[in-house]
Amino acid sequence: MRMTRLHAPTLKEIPKDAEVPSHQLLMRAGFIRKLSAGIYDYLPLAQRVLKKISDIVREEMDAAGAQEVLLPMVQPAEIWQSSGRWQKYGPELLRLKDRKGNEFCLGPTHEEVIVDMVKRDVRSWRALPLNLYQIQAKFRDEIRPRFGIMRGREFLMKDAYSFDADEAGANASYDAMFAAYNRIFARCGLAFRPVEADTGAIGGSRSHEFQVLAETGEDAIVSCDTCGFAANVEQAELLKGEALEGEPASAPVEAVATPEQRTIEEVSGFLGRPATGFIKTLIVIADDKPYALLLRGDHELNEIKAKKLLGAEALMMADEAQVKAVTGAPVGFAGPVGLEGVEIIADYALINARGCVTGANLADTHLINVDLGRDFEPRRFADLRMAVAGDPCPRCEGKLEGFRGVEVGHVFFLGTRYTEAMGCTFLDERGREQPMVMGCYGIGVSRVMAAAVEQHHDEHGICWPRALAPFEVAVLPLQSNKADVVEAAEGLYAALKAAGIDALLDDRDERAGSKFKDAELIGAPLRVAVGGRGLKEGVVEVKPRRGDKVDVPLDEVVAYIQAQLAAL
């Protein structure tokens with residue numbers, strides 16, 4: 001491809017609404033353009049990257065025995081109603097009506113569509129197992145789309161669905177997809193971790209996210225420094241501590257004035273005590289019933305764990321009126337001592353709590369020297385909090401380390417949740433009707449592109465892994481007014497293409513500095529500068545996107561580039 005023919009409108013300035021590196025650089029380098037909030041145009045450079053990602057995905061999915069289909073994006077309400085998700089999915093589901101008043105939605109996912117198709121066409125155990133996948137645009141009406149294509153409303157996704165005759169077969173399908181995902185992201189040149197995760201709105205019982213490690217990632221994950229355990233902080237289970245025996249009680253409880261000091265940080269500073277010595281009392285409403293959840297002052301509530309623990313369909317923090325109705329005090333002064341009429345559940349980290357600071361259930365007042373067991377007794381203990389770095393591993397004697405990640409893939413073991421609800425059954429070997437057992441497997445193809453940029457960039461631009469780069473080599477003739485330079489660059493460009501190398505020739509009538517900057521911004525793994533001074537010595541300058549430049553004889557440069565690319 002020649003730069004004079006390539007539609008890649010680069011920008012000198014960072015767009016004002018671009019907060020993370022991938023959004024900034026994909027805009028500046030001419031990969032994407034914003035059409036509306038969370039909706040983007042993919043320009044030729046981006047399309048080349050998306051095609052390379054999609055090709056890798058297709059090769060590995062096909063090798064794992066999956067077959068490609070293409071399903072409608074516009075989906076009728078009836079099939080969502082039959083699965084029970086029409087109301088449960090929430091406002092992310094964009095609903096619409098046709099001219100006859102029939103209700104539809106834009107597909108955020110395709111469980112209902114694929115189950116509807118399979119139940120009509122598959123009747124016998126002999127047709128199982130079956131794994132079908134597609135690569136298609138999805139739409140989720142995010143309340144706050146942000147970070148460019150990393151959290152957009154419309155996005156390109158690979159979704160696959162496996163159907164098996166029994167749970168053992170479904171687990172085998174899950175394991176095959178898990179292995180395929182590891183190969184896909186390794187081939188994409190990404191540093192990633194598969195982590196245990198919550199099943200969310202999709203449902204199911206077994207779930208792993210694939211997280212690309214990046215400092216700007218939205219997700220917090222923890223990984224053991226000893227064994228292979230890794231999990232999203234929302235999913236990582238934490239161990240129950242041992243109760244202390246014979247631990248002396250602290251001094252008697254004392255009420256202290258804390259005027260206008262509501263938060264842990266404020267009260268900690270006011271009293272000169274660390275947050276680790278506080279008991280945080282959170283009033284939550286689970287399916288219209290209030291609960292008091294207790295955590296150590298420096299810990300954060302894991303709402304997913306709390307929701308599961310309470311068996312609630314919906315869980316939210318109590319508002320000011322609800323807090324006052326339960327505690328008799330304004331927000332910021334709730335505490336467990338003397339709290340009545342509400343079930344108190346304490347996090348495992350509080351089992352040995354002594355000499356703590358709590359709210360006094362009285363405005364502008366806190367209690368000090370509070371002992372669990374002496375001054376109050378929770379109804380039960382549970383794992384309520386987010387995991388943090390330094391926590392003990394739940395699987396071995398190791399410690400958890402913290403990372404940030406960008407979720408690019410998710411695999412779910414669904415079981416019979418959808419097939420039973422929608423009547424997707426088969427006849428087994430004895431002629432008995434049985435529900436099929438499902439798995440669901442998604443990869444955010446457009447998000448992989450963004451995640452790759454988050455992980456591979458510097459202050460000058462994108463540093464693509466070879467497997468995803470829109471072009472593997474950028475050829476830069478530095479003096480477009482010199483015939484020998486242009487001729488050598490054209491010859492090299494033709495030779496690279498003949499060798500099967502994806503090359504970009506910057507044949508624009510621009511200064512050398514502009515060509516260097518755009519090459520670094522776009523991010524080809526290798527750059528070849530052809531200049532008059534080097535040609536006099538029979539060499540061209542080859543520079544990896546991240547590395548030192550080296551002079552290579554012109555008649556050896558194609559072989560040299562092939563070797564360099566093979567090593568990437």
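Which residue in β19 is the bridge partner of Cys356? In this predicted model, the partner is Val370. The strand β19 covers residues 365-370 and is joined to β18 by three bridges, the two strands running antiparallel.

These strands belong to an open sheet of three strands, ordered β13-β19-β18 and paired in antiparallel fashion. Its edges are formed by β13 (254-257) and β18 (356-359), each of which pairs on one side only. From one strand to the next, the twist averages 35 degrees.

Leaving aside residues up to four places away in sequence, Trp464 touches residues including Leu26, Phe31, Val49, Met449, Ala452 and Val453. Its contacts also include Ala469, Pro470, Ile522, Gly523 and Pro525.

Helix α2 also packs against helix α11. Two packed helices are described by the angle between their axes and the distance between the axes. For α2 and α11 (residues 445-455), the axes come within 9 Å and cross at roughly 110 degrees. Angles of 65 to 115 degrees count as roughly perpendicular, and α2 and α11 are therefore roughly perpendicular to each other. The crossing of α2 past α11 is right-handed. On the α2 side, Ala46, Val49, Leu50, Ile53 and Ser54 meet Val445, Ser446, Val448 and Met449 of α11.

Methods. Residues numbered from 1 in each chain as written. Predicted model: local features only at pLDDT ≥ 70, side-chain atom pairs only at ≥ 80, totals over all residues. Heavy atoms only, no water. Contact = heavy atoms within 4.5 Å. Pairing = 2+ DSSP bridges. Helix = DSSP H or I, 4+ residues; strand = E, 2+ residues; numbered from the N terminus. Axes fitted to C-alpha atoms, helices over the stretch in contact; angles between N-to-C directions. Parallel < 35°, antiparallel > 145°, perpendicular 65-115°, else oblique. Left-handed = near helix turned anticlockwise from the far one by under 90°.
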